[in-house]
Every structure is written in structure tokens, then in C-alpha cells.
Amino acid sequence: MAAELVGGAFLSSFLNVLFDRLSDPEIVNMMRGKKVDQKLLQRLKTILNVVEAVLNDAEKKQITDSAVKRWLEDLQNAVYDADDLLDEVATKAATQKDPPGNFLSRFLNLQDREMVSRIEEIIARLEDIAKHKDILRLKKIAAKNMSGRIPSTSLVKKSDIFVGRDRERDTIVKLLLDDVNNGELSVIPIVGMGGIGKTTLAKLVYNDDMVQQTFNVKAWVCVGEEEFDVLKVTKAVIEKTCSPCYSNDLDTAQNHLRNGLAGKKFLVVLDDVWSSNREHWESFLNPFECGSEVGKILVTTRLDTVASVVKSKHNEAHNLSLLDEDQCWSVFANRAWDPAESRDHSALEEIGRKIVEKCKGLPLAAQTVGGLLRGKDNEKDWNDVLNSEFWELSEEDSVILPALRISYFHLPSYLKRCFVYCSLYPKDFEFNRDELTLLWMAEGLLLQPKSGNTLEEIGCEYFDDLVSRSFFQHSNSDDNTFVMHDLMHDLATFYGGKFFSRIFELKNTEKHDTKTHHLSYALNIDNDSFMKIAEVRERLKHARTLLQINSATYGRLFTRVTVPCHLLEQLKCLRVLSLQFFLADENLLHGSIGELIHLRYLDLSYTSIAALPESLSCFYNLQTLKLRDCDKLKKLPSNMQNLVNLRHLDIEGTGLGEMPKKMSRLKDLQFLSCYIAGKHEENGIEELGELTHLHGSLRIEKLENVKNSGEASNARMDEKIQLNTLYLSWSSFEESEVCDSHTEKDILEKLRPHKDLKELFIRGYRGTMFPDWVGLSSYHKITKLELRRCGNCWMLPSLGQLPALTRLEISGFDMVKKIGGSFYKGDGTHQHQETPFRSLKSLEFYNMGWWEEWESYEYDDDDDAPFPKLEELRIYNCPKLRGDLPTFLPSLEELWIEGCEELGCYLPRAPMIRSLRIHGKQEARMRDLPLSMLEKLAINGEQQVEYVFEAMTHTQPTSLSYLQISNCSTAISFPGDSLPPSLKELAIHDCKNVEFPMQHQQHHSLQTLEIDNSCDSLTSFALPAFPNLVSEN
């Protein structure tokens, strides 16, 4: 989605929601022919237009003018109420059982005086608010004038030189000085969040001595505007590099610049670029690419999208990371104290280091707060800063938030609302993109798609945009979760103001404001969040959000609490309601919840709820329903098909026995975690046929209820092209049950998914053979495949030609005795076939009770061997398997064999092996044990243990960090009477005659030691021999 050219005020997109509602054909039709009511709505439109015109000015002035801030708060509060009212009207119009005209006539004849009075009251409030705009001298201004940033210059102050960027400076200087692009123009972007030091780094590079000597012509231009004015920027470069140009013709200006740069080496720095308009950028580059000598352009930007547009093909963007704590401390200390001073600051240093922790690696924050405390030796002053939020510092004292506020001003209006919504999260909270998108959607923060995209896709685009602008950052713990830098969180909190509240951080509920519309809370053992909510519920009648925060810090997971049954009586405007882990109270759900007509998002996951009220089916607006792991829930409301706006239904881990009837009517459904095929037509598998928009993953259970291939075909699985993951599951069955193998195969044939599927799981399949589609190379994106409990199958499908398959798990094939050549190749030949399993990294066989033989695949050269990338092979509980195993696995790092008592062959040649585990009575062993490579070794049984200890006498295990030996009765001892030098963990079980190493030597690396029913000759134990031991048993 193309972002708006310039920012726009926070409330602008909210007003657009109201304008859209007032233009809704249903509401327009309702009002047609009713003069009074048309005038009423026209007054509402007019007054909204009046206040919209001055929003940009008000948003800018609220920073320094508290009266304007209060004016904006009053306006926002009134807009919330207007939106709630129009949503109520639209909902009743859509759900009224009487013909629309009858409802309309009753409504528009003003019989419903309460609702009309509410409209009049809101209009009166807005008109009163609008009158004050002139008193406050608010006027219409363009959004591009909102940031008020002072342009940067190339001059380097002493305070600009700070530690932590030496490596980046040297890297960029080297790129500027090297001519590796054969004279072509190089454009090098520096990217990062506001305050991270992009401009400072560019200054240091620009003023570097070698750079000064190398470039004949240099120019520093601060762009600083969202719109990239090609003529304006070109003339700015001309002023710095050539004789003045007075023409406003672009062609004249660019020829002037080209001539001025001819034959010269030049460096141009464009600081603070916001536009990603490729056409404008390429136009700007024309004079630099026509006839000049080696030229370099350095661009600083906060946006990844800008960097991707401007960077030249030979260069990558330089993303600046946050400073580490020591670097951040140095920046702070250099500003807080004069380096020439010799006074002792130890008392203040302890406080200062805690302040630096709050800076979270942002140089600007460390510089600013250090400068704020310079010359202050009173601990109270330092503690005041430590105990305050950065956004509480005055504008005169701090430039931190003003610097970040520039990024906020440049956000499109709709992204401002999405960003501020995240102030409901606590600091350092890790959030998920898809979950946040559902919340944005429920709150009406996403613009209605106009190009065929779904709301979810629009939300993901918003999210990615905020990531590219550094408002969100990837968390360190999980690639799929994100965090906000603490200062970005402060920014969101500042703009959220009184309308957003993290009630679990609120110490005094008396401070809770009546304007609060969005609340987040956390579970804890004292249940005090709900107590706080209950205390202020009279002031929450307009609340839209009750969002639960689950984390180890803010809520004790799996602690189920009781929700006061009267809580929802006051919260009738809720759009988001999250009640995870609560103890079911029938009065709570079967009473008040039915009145929540605005509700879009309901999360009851992990609760003890046994039944949902039938009134849930009346939630016309409901988009998201989450019931994950409600294991006591046995049934959904019978009229679920009435939830025509439902888009996300998560019933994973519930106790449901069947689906409600007519689920096919939920045509907007984008995500359905699980579908349980019923025995009847109205809840059978055919109901899936109309659900063509399903995304993500889908689990289909109880496929034994599908009677024939016709029913399976009507599910239209091959048309669900947005599914990435598919689970096909049959329930376990008794041996006495009779299955028609041909019918079972035909059913699975008709459940064939689309060709772009990424993960496939088949469990409990009852046929004797798989249909041909399972394993076809045309399934070119499948990376993960699991086949479990297919007890009737007597042969595995041909899987070796799946080109992208990286993980394969096979278990519970009770009838399979042999894995032969067809497993590798579809036709058992070598002609026109790729290397079998060419992408596979993990292979696992287990619980294969009758499997006896794994036939070797014949090849002429090691380069043609199957499994060239296999890193992990696990075989366990295959008691009849004798051999052979694959002979050569060049990439294997981990081999695990357990419960394969008859396996006596040599193990595969594996030059890269790092971990070997052999448990059980099997005699399988490696031909050449690569002891020098092994890091983990676990072996069981006399022959295995003896073999390994014998190998140790010839090869020192220099990398071994973990060793476990068990079930050996023969006398053996560690070679050289000492442990391997790298060993950190040693476990000896049931090995009575193992001689423990002499203890007069010290073994510094050993940290964990377990000796169980072993080492009978050991009469004493000298702990000093193991100085670093932290655990012993």
C-alpha cells in the first residue's frame, strides 16, 4: 500500500471512519426522504469538516500548549462517542428482523427519542468544541510543516565524537575511498531509528581527513521533508559545489550541475531523506551519472524503504544498531563529567549506570541525559531523572522525544493510530504481528481495502511499514516477535494520553480518567487487575478495549482467576475483550455478554468454560473468536452460521466433538484452526467447500466420517491456495473395524491440496497405499512432512523427489517390513531423476514394529548419494530392523539410535558428525569413529562401551563435551588415566567395573558429574580434582 505523502494528524483517519459511516448506503437509504434527519446528519458532517481542517495545527501546538491538548482530548472523546453511536445504528440496521423500511420509519420518525437525543447531544458537543478553535487561534496548515526540525549541518562538534561507531565509520570511509565499481556512481545509505546517530556518523565520515583529501568537491544537504523536491535538492547541491544557479528549470539546473562536476571527484551527503519515490530519485541522479568522475552519495534515512530505493547495486544499506551498555555509558559519562576532571564520582556512577540502562543503547538519549546532569553533583537530582520517564522531561531539557517525534509526525494518520495503540503493551513486551493485526482490525484502525487485499493483508502492510520506520524492532528471543524500544514506547504513551491505560501499572485508581477507552490488564495471583477495574468501572462505560497482557513479568500464566460477574454490565461499548485463563462463570457469559453488540474480538482461550451462550451467535460484528485450549468446551453455539463477519476462529485444543451446522455461510473466514468432519451433511466435510479464503494452517479431524470421494471432492481443498499447512487426521480405530482400502485411497486422493503447500501432516490414514500425489515433485514448496499411525499401509509413498523437503517424520506404519527403492525414486530407476532427498535435513523413524529392512540406494559416486544435506537421523523403537542403513551421509551431525535391538550393521560414514547416541542392545557401530569431531556421545552396552574406549586409546577426543556410558559390566578405564580435556558433563550408569581416573590430576573443564550404580572400586572422592564442578549426583 502506498503511504500518504505527508503525515497528517492522529485524528484525521478517525474522522475519515465517521465520514465513511455517514456515507454508508444503508444509513443514507435510511435517511432518504426524511428532511429533519438529513439535516441532522448534515450538521454532523459539517462540524466534523470544520474541526478536521485545523487538526494538523492542533497536533503541532499541543506539545507546548496545554489548552490545545485539552481541546484535542475533548474532540477525540466526542468522536469516540459519535463512532459508537453510528456503529450501533449500523448494527441494528443490518440485524433488524423487520424489513429495513419498517425499522427505518420507526427510527426516523423519531420514535426512538433516546437515540436521536444522543445524536443531537453529540452534535452540540462538537459544535461547542469547534467554537473554541478560534479562541485557540487554530488554523489550517499543511502536514509537511508539522515537525519543525532545525536542518542539520556538516560541522562536527566535540560532543558529536563518541565511542561505539568507530567500526561503522571506518567501513563507510573505506567504501568512499575504494573505487570498486569501475567509476560508476555509488550511493550508500545509513539507516536507523531517530537518535541512533546517523547524522553524527555521516558528519564524522564527511570530515574525515582522508575523505577531505580525496574528494575535490563536497556538498552537505539536509533534505528533511517527506516530498523529495528534485529541483530544490539539485539547486542545493549546486550552491555547495558550483557557481550559483538562478533558473527554476530542472533541465537547466541539472546541466549546470553536470558541467560543474565534470572531471571532479565529488561526495554528496543527503541527510534525513524520507521519500521513497523511485522516479524522483532516478531523476535527481541524472547529472551525477553523466560524464563525471568517481562520485559517491551518502544518504541518511530512518526508513528501510528509502534505503532500498536509493542504494546502488554494488552497495548494501548500513543499518546502525543500538550501542552496547559500556558504549552507552561512555557516551553518557563524557557528557555528564568533564573528562579532565579527577574527582571521584563513584556515588553518582551507580545511579548513572541505572539511568543508562533506561537509554537502551540509544546514543541521543545517553548524550541528552548526560548533558542534563552535567554540573549536578546532588544525588537527588540524579535520582529524580532515574525515577522519571523521558517523556516527562521538559522540552528545554531534553531533545530525545522531539527527535523521535519527527518520525511520528511523518507517519500517515492511520499509522499514528496503530502505533499509539501499542502503548497498551508494557515496556519490553514481545508481541506478534498477526495478533496485533487482529486487534487493529477489531478497533477499526485499518482502512478498508480497495485493491482486492484482505484486511489482514492491510494490517500486515501497516506493521511492516512501522518496522521499516524503526517503530518496531525484532526481539532477540524469537524471529516472529517484536518489541518497541523504550523511548518509542514513551512516545506512544505520550500520544495515547488519557485514552489508553495499562491498569496493572496504575498504583492509584483514583487517577483513572473518565476519557480512558482502551485498557490492558495482567493476571496475577492477587487478581488485583480486576479489582482495579471493578473500582473504576463506573468511569469505564465507554471503554472499547479490555486486553489481557500475558507474560512472565506481568501475569502468571496458567493462574486461573475469577472475573466479577457484574464486570461486563458497565462495558457495553467493548470491541476487544480478552479473558484468558479465567474460571468460567455462567452468569458472566450467559448474561451481560449478550449485550456487547460492538464486540469484534473475543478471546476466551485457556478458560474452564464448558458451554458458550447461544447469544454469542448474535454478535453480528464479531471478527475474531479465540477458544484455544478450552479443553472442557464440548459444543459451539448452534447458530454460529449467523456470525457472517467472523474472520478468525481458533478452536485448537478444545473438547469439541463436532462442528455446528452450515459453517459454509461464514464466507469471510480467513483462519480456521480446526474442522471436525461430521456424519451429517449439514456439518460434514462438504461445508468446507465454500470457505475458499482460508489462510495459514488448517487441521481436519475425524476424516473417518467422510463416506466417499464425492464428499471429499466437494471440500475443494485444491482451491484453498492460501493455506500453508494442512493436517489430515483420522481417529484411531479398532482392528475389528472394516475399511475399504480403495475408498480410503480415493478419499485421500480428493483431499489433494494445492501445489504451493509448505507443510503436510497425515495421521491415522486407513488405506493400504497412498495416492500418487503424496510425494509428487510438483509439490515444490513442501518443507515438512509427517506421516503417523498409518497402520494399514504396507509400503511408504515415494518421497525422494520432493525438492524442498527439509524435515521428514515417519511413525506407526505397523505393516511396513521393507523400505525399498521406490522410497527414493518414483519409478525405481535412475533416469531423469534428481538426487533423492536433496534438501532433507532431518529424518526420523519411530514405532515401526515390523520394519526389517532399509534397502540401500545404489549410486556410482559419493556426489550422487541420497540425503546429501541430512544433518539429523533418528531411529527408535524399531525392534526388528536389521540393516542396512545409508552408507554415506556427508552432512550428518547427529545420529540417534534407540530400541533397535537387532540392528548390527555398520553405521553410515559421517565425516561431520557431532553427536552420537546409541541406546539399547543393538550392536551397530561406526566403521571409523570420528572422535576428534564428536561433541556429544551417549552409548549403552558392553560392546559399544568397549569399542569406544578402545578407540579412545588411539584418538584423543579433543572436542568431546558430553559423555554418557551405561550398562557395561566388563572392566574398562579411561585412556591415560584421565578424562578428555574438553569434557564438561560425564554420566556413568550401571557400569560397576569402570575405573574412574586418578584424582591427583585436576580436571578443570568438568562441570557436571553423575555416577549411578557404578565404579565399585571407588572408595573415596576428591572434590578438589574437579574445581569447576557445579553439579554432582
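How many aromatic pairs does the structure hold? There are 47 of them, where rings of Phe, Tyr and Trp (its six-membered ring) pair if their centres lie within 6.5 Å. This is a predicted model, so local features need pLDDT of at least 70 and side-chain atom pairs count only at pLDDT 80 or more, while totals for chains, interfaces and linings use all residues. Residues are numbered from 1 along each chain as its sequence is written, and side-chain values use heavy atoms, with hydrogens and water left out.

**View 1. Tyrosine 425 and phenylalanine 429 make a stacked pair.** Their ring centres are 5.0 Å apart, with 25° between the planes; planes under 30 degrees apart count as stacked, over 60 as edge-to-face and the rest as tilted. Tyrosine 425 is buried at 6% relative accessible area, and phenylalanine 429 is buried too, at 13%. Buried means under 20% relative accessible area, exposed over 50%, partly exposed in between (1.4 Å probe, protein chains only).

**View 2. Phenylalanine 823 and phenylalanine 845 make a tilted pair.** Here the centres are 6.4 Å apart and the planes sit at 55°. Phenylalanine 823 lies in the loop between strand E25 (818-819) and strand E26 (842-846), and phenylalanine 845 is in E26, so the pair ties together parts 22 residues apart in sequence. Strands (E, at least two residues) and helices (H or I, at least four) are DSSP runs, numbered from the N terminus. Both phenylalanine 823 and phenylalanine 845 are buried. They also belong to a cluster linked by ring pairs, with Trp851 and Trp854 among its members.

**View 3. Arginine 353 puts its charged end over the ring of tryptophan 329.** The distance to the ring centre is 4.3 Å. To count, NZ of Lys or CZ of Arg must be within 6 Å of the ring centre and within 35 degrees of the ring normal. Elsewhere, lysine 416 lies over the face of tyrosine 408, 5.1 Å from the ring centre.

**View 4. Helix H11 (residues 230-241) packs with helix H13 (residues 278-285).** Their axes are 10 Å apart, at an angle of about 30°; axes are lines fitted to C-alpha atoms, for helices over the stretch in contact, and angles run from 0 to 180 degrees between N-to-C directions.
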